[in-house]
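Let's take a look at how this protein is put together. Have the sequence and the 3D view ready as you read.

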Amino acid sequence: MRQKVLFGLCVLAAWLVAADIAVILLVLPDEAAQGAIYRIMFFHVPAAWTALLACLIALAASVMYLITRNLRYDALAVAVTEVGLAFGAVNLITGMIWGRVIWGIWWTWDARLTSMLVCWLLYAGYLMLRHAVEEPTQRAGTAAVFSIFAFADIPIVVFSIRWWRTQHPQPVVWGGGAMDSSMYRMLFLNWAPLLLLFAVLAALRMRQEQAQREIDALRRQAHAL
Amino acid sequence: MNFLRQAWLIACKDLRAELRTKEAINASLSFALVILLLFSFAFDPNSEQTREISGGLLWIVFAFAGALILNRSFARELANDCLDALVASPVSSAALFLGKCVANVTLLLAVELVCLPVFGVFYNVRWTGRFWPLLLVLALGTWGLTVVGTMFSALTVNLRLRELMLPTLVYPLMIPGLMAAIQLTTALIAGQPLAGGLYGWLKLLAGFDIIFTALALGLVDTVLVG
């Protein structure tokens with residue numbers, strides 16, 4: 001039953017993305033200053049929002065794990081972190097492609113790029129830490145503490161890097177930051193299927209994590225016998 | 001009161017153990033000197049540019065040297081199950097953590113105070129112009145590095161690849177603190193007074209220390225006891 005629901009949601013997400021892509025490519029006009037490449041924004045920006053949401057859920061799940069010691073929360077934390085990292089990577093890579101076209105360079109140490117990269121590395125560390133711990137409850141506790149530390153670091157990182165960058169020349173991204181309302185609406189419209197995809201992937205990963213733990217437990221039992 | 005006394009006892013114990021064996025501080029100091037030497041091959045040492053990037057150079061040295069001290073901090077207690085005994089003793093986890101932090105800060109500050117004159121001599125940089133503000137920045141930056149590092153030393157003490165995990169986890173987390181320390185150190189070595197925008201960085205560094213000290217003291221019990 002659960003599998004069918006997930007499959008259905010997956011199909012729905014695919015259909016919505018296809019419809020959105022059709023609108024993005026065929027209906028919306030080229031942006032005045034940037035031409036066709038601005039369309040990458042419809043994936044770039046929602047991916048960043050999704051990644052941030054993933055960090056929030058990971059924090060909540062980690063705190064809940066430390067309170068309840070229920071390993072379901074641990075599975076939730078690792079699932080959203082991993083899928084969130086994938087969305088973070090989408091954000092970084094689409095941003096780099098955009099930067100190559102508009103700025104002529106793949107990377108610049110602009111405040112937003114640097115902050116995103118630092119946060120991405122932080123949460124990549126979370127996954128590495130998990131790989132290094134064998135025992136499930138120890139792994140869950142260690143990872144939960146790290147997740148809380150990482151989340152506490154995000155605002156300080158973003159704030160300090162912005163401050164650091166204001167003392168340096170900064171590339172101009174948008175002139176005034178204004179956007180046509182149809183483009184603005186599309187940004188949110190395209191977030192919906194990405195969120196759906198995020199939920200499906202996280203749910204799948206969570207099941208896989210729980211199954212993995214059960215297999216490990218059975219294997220250990222077999223060893224003991 | 002009791003809490004502080006316990007922390008003090010742990011700090012004294014760690015410092016005494018370290019001063020008898022000198023294993024961490026010797027390794028850390030010689031490693032720091034090697035990195036200072038290596039920098040001279042990375043760029044032309046006797047230029048005015050050295051002064052402009054002095055904060056960055058010094059804090060990279062301190063962060064690398066610190067990792068060696070921090071790695072040993074909890075790993076030292078693994079032999080003869082000392083860590084289990086410490087956790088089982090009436091000393092609270094927070095006091096244990098605080099004591100170890102104080103010991104690590106003392107050791108790392110000692111390494112830093114040796115490195116600074118060496119840096120000054122090697123690269124022909126006058127660094128004593130703003131000595132006391134610089135010492136304050138060193139203390140605050142080292143405290144931040146040590147609090148996060150000691151916490152992760154406790155977190156990774158039972159892991160395989162412990163030596164590898166600690167720096168990989170700590171450095172990204174340390175970026176705001178390191179950045180503030182670097183900005184402040186560069187400006188102070190260049191002879192600027194601690195005012196204006198530098199105050200902002202000092203506040204950021206102090207805030208970083210306070211936030212992570214509070215978080216670490218609150219969470220260390222779950223790490224050590226489980």
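In this predicted model, B:Phe152 touches A:Phe146, A:Phe149, B:Leu166, B:Leu169, B:Val170 and B:Leu173, leaving aside residues up to four places away in sequence. Touching, or contact, here means heavy atoms within 4.5 Å.

B:Phe152 also belongs to the largest nonpolar core, which has 105 residues. Along with A:Phe146, A:Phe149 and B:Met151, B:Phe152 is among those with the most contacts inside that core. A nonpolar core is a set of buried Ala, Val, Leu, Ile, Met, Phe, Trp, Tyr and Cys residues joined through side-chain atoms within 4.5 Å; buried means under 20% relative accessible area with a 1.4 Å probe, counting protein chains only. There's a second, separate core of twelve residues too, including A:Ala58, A:Val83, A:Phe87 and A:Met116.

Now for chain A as a whole. Chain A has six helices (DSSP runs of H or I, at least four residues) and zero strands (runs of E, at least two). Here are some numbers for chain A:

| Property of chain A | Value |
|---|---|
| Box filled by C-alpha atoms, along the principal axes | roughly 70 × 45 × 25 Å |
| Buried share of the 225 residues | 44% |
| Share of contacts between residues at least 6 apart in sequence that join residues at least 24 apart | 77% |

A note on the bookkeeping: residues are numbered from 1 along each chain as its sequence is written, and chains are lettered from A in the order in which they are written. Local features need pLDDT of at least 70, side-chain atom pairs count only at pLDDT 80 or more, totals for chains, interfaces and linings use all residues, and side-chain values use heavy atoms, with hydrogens and water left out.

Note on methods
Buried < 20%, exposed > 50% of the residue type's maximum accessible area, 1.4 Å probe, protein only.
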